[in-house]
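Visitor: I would like to learn how to read sheets, cores and aromatic contacts in a model. Could we go through them one at a time?

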Amino acid sequence: MNRLLFLFLLSVVAVSAQNNPLKFSARSAGDGDWSSAKTWEPKRVPKAGDRVLVSAGTVVRFDAKATPVIRLLQVAGTLRFARDRSTELNVVLLKVQSGNRCTERGFACDFHGVNKAGEPNAMPTGAMPTLEVGTLQNPIPAKHTARIRLHFIKGMDEDDAPALVCCSARMELHGAPLARTWLKLGATAKVGDAKVTIDGAVKGWRVGDSVIVTASKKHSEVGTEERVIKAIDGRVLTLDRPLRAEHFGTGKFRSEVANLSRNVIIESADPDGVRGHTMFHRYSKGGISYARFAHLGKRGVLGRYAIHFHLAGTTMRGSAVVGAAIVDSHNRWVTVHGTQYLMVRDCVGYQSVGHGFFLEDGTEVFNLLDRNLGVQAMRGRRLPDQVLPFDPNDGAAFWWANGRNTLTRNVAVENDRYGYRYDSQRRSNFNSNLPVLMPDGKTKTVDIRTLAISRFEANESHSEGLYSVAFAGTDGVGPDTRHPHRVRGLKLWQTHYALRAQLPTMLIENVHIDHAAYGIYRPWFENHVYCNLHIAATGAEPFNRGLDDQSLQHGSITVEGLTFSQLGYGGGMPLIQMSANNVTGKAESHFRSVTVRDRTRPGRWPLMNLGGGPRLKPSTPKGVPYYLHNHFGPGKHAKVVSTRAKDLLADGNQYAKETNLTGDESVAAQVRNVNFPELLHPIDDLPPATLITRIDEANGRLKIHGTTHDNGTIKTVTVNGQPVRIHSQQHGVADWTIELATPSQLTATATDTAGNTEKNPHQLTLIRKKPTP
């Protein structure tokens, strides 16, 4: 036979095997243990190369110490991992889905009611297939390990296999809880130290666990260091090797120690070969807590990520990824794609190709990313056919395009390009008008660039490759002045560009910038309000002009409470760069309560002047006036203008040089009767978002756990009309519980202090005393 024809026929056979229904070589005939021949038909334990079906209506207890490599395992019934021993499942494709029809496609679902891509478009009927590796109520005990190893076999599609896929089924992956998965250092760790002190309890951490100590300096030869715990004495960890770098552990700016070990592990068997991926499809249930996902993600392949929630919409509302460690991913840490009302909390992402915690297509809303740590998301490449063509996938720990998601208490460290990147663009090949779920539960087509960042608060970034936080991409399109982008409580240190505020209509409060080259960088000055900024040891451009070298200012800004400190040697560079071009003719810059500390030499660091880059001749008829309110005393303000702004110099005021205020191309005059403008008129008309995250049953009663998040403050949460007990509330995130008799339905809703009541409550129907949406 002609060799080319033979190879062609062989490829046809391979594709046919992957796409056509397959025959199973073993299937469960009843309930029983995996290792018992009685469980199976034929009556033998599954062997290497088998295609295995856990049949609908059967419950198989997985009790194997280690299996041979199973080619295909379809769970149509229940596969429950034993909790009284350590177990290991070696498999190529593990698919949790209904029916007895299966293919070897590692992305697509195979039952009726899917589209051509294998994505579910109808909820399957009947009992829900279940993979149970522990539960929230009964996780795998800490003394045991449950491990799923994903192997690749030649002849499979390298873009699809190996894989763990949940197709409109239930997948529970729950390891032994840790009190905290990462904490701040409690004391500085010096070069050569083999002990580190943690600022908090390490309950659940064990000798032998793998940990990282994050970088404290930018662009250092030795940054984040990985070690193994040799001993634990209270809050002191003894490491297997001394540290090679200093890690800060005192003051406001401290590094972190994160635990990378878990006792439920999903991993690629050959990290240097073909890697696996995991995903939840629409209508799936379950979640992840305290599990480790290692060496997963297919480099450069769309949709094949370490953890992937794929087009779930609201069907997985209340599901969560809590306390997971995602280590050495070649394609993201956690991807939320077309999915709403998900919680990602207390996770550690360490080393990723491309962005780490990633919201994929701009339609995602009402998701909560809380107290996660993202370390070393590295530059990747654009993925083929990615939804948002403008995203270069260049390495951000957190990346999103729709402002109606809550990001609180996260930390990003030592990422290639960004700690955090919000990017929402309109292009010739992308229309930013997208169908977005509204608070009332209806879907509306809206330009996502106009949806304000509702809560970005108490986040931190340090030791980054380039940017700590970058908000950019909308080309001047943004929300109205009643609904500004809200950014609060940031700590940005040991970085190059601290805060790129390249969006209009922003309310930025309580920001600490330390040891950056650029502080406020490349801003789109238009209805910007800054309150309580601290910029220290920032040696190039502490407060940049509009759009940096373009020197364009589109509208007015106000700055109330600005402190510069630790100025260093300095030179002619100003602390505040002045914009040259007044695009609308209405732009003004107003400053009040500005403090300059540590200016050690006269003539260095003037407060306001043209910038250090190209000093442009104004291309607009009007220049931009800068006002320093009360500079000469109460009601006596300094008006500072560029000596190149001829229209302002001719306004009748007596301009002159003013020591420490003006530079070589700026002058000031005393003026009165200048109001400090009120640029924003914020209102809160966005209701909270409530998630029922867990239901426990005991003594005929239910204990319901939940989390509610809001852009304001939660006032009340009710379940079936009964008020819950709110245990904690920080930064608009409230955790709560309530006990009820066993009702047939649950309806959870919340109200905030502004009077907004949730119009799309979380509703569950309880069947046989078990919650299912």
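Predicted model: local features only at pLDDT ≥ 70, side-chain atom pairs only at ≥ 80, totals over all residues.

Visitor: Which strands do β58 and β59 belong with, and in what order?

Guide: Strands of a sheet pair through backbone hydrogen bonds, either parallel or antiparallel. Here, four strands make an open sheet, ordered β54-β55-β59-β58, and the pairing is antiparallel. The edges are β54 (689-698) and β58 (725-730); each has a single partner strand, so one side of each lacks a neighbour in the sheet. From one strand to the next, the twist averages 15 degrees.

Visitor: How many bridges join β58 to β59?

Guide: Five bridges join β58 to β59 (residues 733-741). Ser 728 of this pairing has Asp 735 in β59 as its bridge partner. Two residues lie between the strands in the hairpin of β58 and β59, where His 731 takes a positive phi near 55 degrees.

Visitor: What is the strand order in the open sheet of six strands?

Guide: That order is β13-β18-β15-β16-β17-β14, again with antiparallel pairing. Since β13 (182-184) and β14 (195-197) stand at the edges with a single partner strand each, one side of each is left without a neighbour in the sheet. The twist in this sheet averages 35 degrees from one strand to the next. Inside it, four bridges join β15 (residues 210-213) to β16 (residues 225-233), and Ser 210 has Val 228 in β16 as its bridge partner.

Visitor: Which residues have the most contacts inside the largest nonpolar core?

Guide: In soluble globular proteins, nonpolar side chains tend to be buried together. The largest nonpolar core here has 102 residues, and those with the most contacts inside it are Trp 34, Leu 73, Leu 79, Phe 456, Phe 471, Phe 543 and Phe 591. Another core, of 48 residues, lies apart from it and includes Val 322, Ala 401, Ile 448 and Tyr 518.

Visitor: How many aromatic pairs are there in the whole structure?

Guide: A search finds 27 aromatic pairs. One of them, Tyr 418 with Tyr 467, is stacked, at 5.1 Å centre to centre and 25 degrees between the planes. This pair links distant parts of the chain, with Tyr 418 in β35 (residues 418-423) and Tyr 467 in β40 (residues 467-472), 49 residues apart. Tyr 418 and Tyr 467 are both buried.

Visitor: Where does the charged end of Arg 332 sit?

Guide: The charged end of Arg 332 sits over the ring of Phe 358, 3.8 Å from its centre. Likewise, Arg 592 lies over the face of Phe 676, at 3.9 Å from the ring centre.

Conventions:
Residues numbered from 1 in each chain as written. Heavy atoms only, no water. Pairing = 2+ DSSP bridges. Axes fitted to C-alpha atoms, helices over the stretch in contact; angles between N-to-C directions. Core = buried A, V, L, I, M, F, W, Y, C linked by side-chain atoms within 4.5 Å. Buried < 20%, exposed > 50% of the residue type's maximum accessible area, 1.4 Å probe, protein only. Phe/Tyr/Trp six-rings, centres within 6.5 Å; stacked < 30°, edge-to-face > 60°. Lys NZ or Arg CZ within 6 Å of the ring centre and 35° of its normal.
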